[in-house]
Amino acid sequence: MVFFIIVQGKQLESPLTGFPDITVKSQSHLLAYEDLGMAMGRSLTSNLTHPLSLMFLQIAVIVFIARLFGLFFYKIGQPSVLGEMTAGIVLGPSVLGMCCPQLSGFLFSPASLGWLETLSNLGLVLFVFIVGLELDSELLKNKAQTALVVSHASIVVPFFLGVSLAYFLFTGFAPEGVSFVSFSLFMGIAMSLTAFPVLARIIQERKLTQSPLGTLALTCAAADDVTAWCLLAAVVGIIRAETIMTFVATVVMAILYILFMIYLVRPILQRLGNIYATQEPLSKGFIALLFVVLFLSAFATETIGIHALFGAFLAGVIMPSQVHFRNVLISRIEDVSLVILLPLFFAINGLKTQMGLLNAGYLWLICGLIILVAVMGKFGGSAAAARFTGQSWANSFALGALMNTRGLVELVVLSIGYELGILSPTVFTMMVLMALVTTFMTRPMLWVIERFFPNSDLKGG
């Protein structure tokens, strides 16, 4: 019957008016005489260049390369996240774009990156949420004087050095139209970060979790994390504010929102956690509610003007405190966020990182200067503060090496600066290299310290 209707329908006039006269008869000739291979080729080409098809191909390539590099770096004793960060640069114009420009232009054409960037932002929100979940608030409540001094020194010293460095870089490297206040404050906060997740994993791998050094490092990094994110929120608020009153309004709304989340939302979530967090299996409705809180928090802080990532971090901090529940929630999110979505962020950052911009000797000297200032600020400031509070030289140096770890958190903040137009492509590239180098340095520095101080706490348990 279908065949009969089609045969009869061929005799009908085309109902289309005002369009080219493509009749059924001409289509029949096309189907009859066109070469089958040409038809298949044209169809495949059209479908392959469709943004949705290209997005799935991009995701497959990015995840595969990221895991490959992550495995390689893990085998050589480095954090796998460092390999994934490197994979993002390899897929960008610095390597793939230089070696295979046609393949790079097809795979990462600018028109196809919109969806990829949206998914990478979702991955960032989930990652920062995990950072907040992994933060042990008990460490902050019980931190000793040493942790208080070291954590603040590891913020203040590199922040000062970053602002000082910005004074010399501003004229030649700041984007047009950017004020010195915005540029210098952002350089300061970018120098002040410690990658708490990477540091925690290094301590865990070396079996230092229960040692005095490991506990102290985790406490310092936790306090550092909270302080740095609050400073970042303040800096972004200053950058986005058009007037002094706008900034004041942003600060007031941010404080009110933080108080609302800590003193109203957190107790409610804790009560619900006492009921649902111990159930096996976990209630899907409860998990859905937590994700609603996460995304509404990100929405609120973005609307206030201090960036969605701060809201995601705050949402992670106020989640129910049951350790087992947090670990289960982290493991569920990590499967999607860290394995699939986060490598997309590395790729997007890799596309922004253009090593070819460093095409002169003095640019590499400036890049080296940025790395030197970053290490002096974090390693030097933390080690000096630890020694000042009575720690041994071995523990002081080890603490400085651990606090110098920047990792993915640095890339997250740099992407914010690039998005806001504070960092030029050249400075962004230099800062990405700084993040890679300082993260790569951590394990070799600990190895050297362990060799010079064989009786140190680095032996672990």
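This is a predicted model: local features need pLDDT of at least 70, side-chain atom pairs count only at pLDDT 80 or more; totals for chains, interfaces and linings use all residues.

Modeller: The largest nonpolar core has 139 residues, and within this core Phe186 and Met187 touch the most other members. Helix H13 (residues 212-240) gives the largest share of this core, with 14 residues. A nonpolar core is a set of buried Ala, Val, Leu, Ile, Met, Phe, Trp, Tyr and Cys residues joined through side-chain atoms within 4.5 Å. Buried means under 20% relative accessible area, exposed means over 50%, and partly exposed lies in between (1.4 Å probe, protein chains only). Helices (H or I, at least four residues) and strands (E, at least two) are DSSP runs, numbered from the N terminus.

Residues are numbered from 1 along each chain as its sequence is written, and side-chain values use heavy atoms, with hydrogens and water left out.

Consider Met187 in detail. Leaving aside residues up to four places away in sequence, Met187 touches Gly162, Leu165, Ala166, Leu169, Leu423, Val427 and Met431; a contact means heavy atoms within 4.5 Å.

Helix H13 itself can be examined through Cys220, which is found there. Cys220 counts as buried because its relative accessibility is 0%. Its contacts, again without residues up to four places away in sequence, are Ala147, Val150, Ser151, Leu399 and Met403. Cys220 and Phe196 are 24 residues apart along the chain, and their C-alpha atoms are separated by 9.4 Å.

Nine of the eleven residues of H5 are buried, among them Val81, Leu82, Glu84 and Thr86. The cover over these buried residues includes helix H4 (51-75), helix H12 (196-205), helix H17 (323-352), helix H20 (407-419) and helix H21 (425-452). Thr86 touches Phe69, Phe73 and Leu436, not counting residues up to four places away in sequence. The side chain of Thr86 also reaches the backbone oxygen of Leu82 at 2.8 Å.

Helix H12, one of the elements that cover H5, contains Ala200. Ala200 is partly exposed because its relative accessible area is 21%. Between Ala200 and Ala217 there are 8.6 Å in space, C-alpha to C-alpha, and 17 residues in sequence.

A loop residue also deserves attention. His307 lies in the loop between helix H15 (284-304) and helix H16 (308-317). Its phi is near 80 degrees, a positive value in a residue other than glycine. His307 counts as buried because its relative accessibility is 9%.

For contrast, one may turn to helix H14 (residues 244-276), where Ile255 is placed. Ile255 counts as partly exposed because its relative accessibility is 46%.

Of the 461 residues, 49% count as buried. Among contacts with a separation of 6 or more, 80% are between residues 24 or more positions apart.

Methods
A polar contact is a pair of N or O atoms within 3.5 Å; within protein, one must be able to donate a hydrogen and the other to accept it, and residues adjacent in sequence count only if both atoms are side-chain atoms.
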